[in-house]
Amino acid sequence: MTYPYISVIVPTYRREEPLKDTLSDLLKQDYPAFEVLVVDQTPTHTPDIQTYLEQLSNHQKIRWFRVNWASLPGARNYGIRQAQGEIILFIDDDVQLPEGYLNAHARNYLSNADIGGVAGRVFDRMKLADSQKVNSSDSPYVIEDLPPQAMDPGIAWYYIDLVHTIKPQQVISARGCNMSFRREIFTKYGIGFDERFRGNAVREESDLCLRIRKSGYKIWYDPQAYLVHLGEESGGCHDISTRSLQYQLTFYHNHFLMALKNLTFNEQLRLYAKLFDCHVLGNPPCNKSGSPIKVFSRGIFYSLGFLDALKTQIMSLWNDGQIYSREEQVPDSNPNPDELKEKKNHENISS
């Protein structure tokens, strides 16, 4: 068996112990050919974490890059430019990884040349009990096949469930904290993350996956490529409260921007209607308060978000918004040239 070389990219921002735990899990993986790239947007770490990262970098356990801005899509693009692997895998800086995690992603690319990306299963912190039952038949709620609506770009986002689905199948998108792609997606086809997705960057991975599918590649869901997402309340590449006014505006902006870029007019109308019904009116599956005052305030952010996204899309006629990719920071990393050369010969590694 030939193992494809994997570059694991971990963007991080203002995370300390969760980042350390994530890297610890990652470095315990028994996969024979992988590198870890940490794109660090934290201005100042605690002394303990600073020392920990320095030691990992000095011992060439990780490649540590420090940049002076904070953007999740920008950090991912930065990592792609530095990566050496055939497969590029993205995880968050607050996840728990099981044994065999990298193997679970890699085997999908070996089995099907049409697969351009792998969406892994994600257990959120609140689903920890379910995560213990990942291989158990007594899980309280499981899905075999996702409904047809989960492949409809207009409404898929309310039907695709990458928590409870137990059967491998084609999907329309991955979740950003657990996804991998063939390197040629970014090199041959020139597809990258759109750095105009702001704040929490919600839907930036959906935007990427929709563009990948236009290239003819499939996005494949593998429930065995699972992890636990802790969803720390502070830190992350956005570090804004979900209750803040900034979060509300960027949330709607990002949804509308994805739609304006990728969906047909009819698909856009279906998304706008569902977005309004769920997030403004508060109907299921959002189940928000139906208070007239709250509905009115959410409606204002909905309207402002649309206008903001429309402005962003119009500005794209002369500005593609890839500001962080154009800045090309000098990497604060010292990879060993001999080691990188050896890694490029990983095709010869076999079991």
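Which residues of α10 are buried? In this predicted model, local features need pLDDT of at least 70 and side-chain atom pairs count only at pLDDT 80 or more, while totals for chains, interfaces and linings use all residues. Residues are numbered from 1 along each chain as its sequence is written, and side-chain values use heavy atoms, with hydrogens and water left out.

Helix α10, residues 292–315, has 24 residues; helices (H or I, at least four residues) and strands (E, at least two) are DSSP runs numbered from the N terminus. From its first C-alpha to its last, α10 reaches 35 Å, close to the 34 Å expected at 1.5 Å a residue, where the expected span is 1.5 Å times one less than the number of residues. Val295, Arg298, Gly299, Phe301, Tyr302, Gly305, Asp308, Ala309 and Thr312 are the buried residues of α10, buried meaning under 20% relative accessible area with a 1.4 Å probe and protein chains only. These residues pack against α8 (245–262) and α9 (265–280).

In strand β6, 10 of 10 residues are buried. β6 pairs with β9 (residues 218–229) in the parallel sense over eight bridges, pairing requiring at least two bridges found by DSSP, and valine 118 has tryptophan 220 as its bridge partner in β9. Three bridges join β6 to the antiparallel strand β8 (residues 178–182), where methionine 179 stands opposite alanine 119.

Terms used
Buried < 20%, exposed > 50% of the residue type's maximum accessible area, 1.4 Å probe, protein only. Contact = heavy atoms within 4.5 Å.
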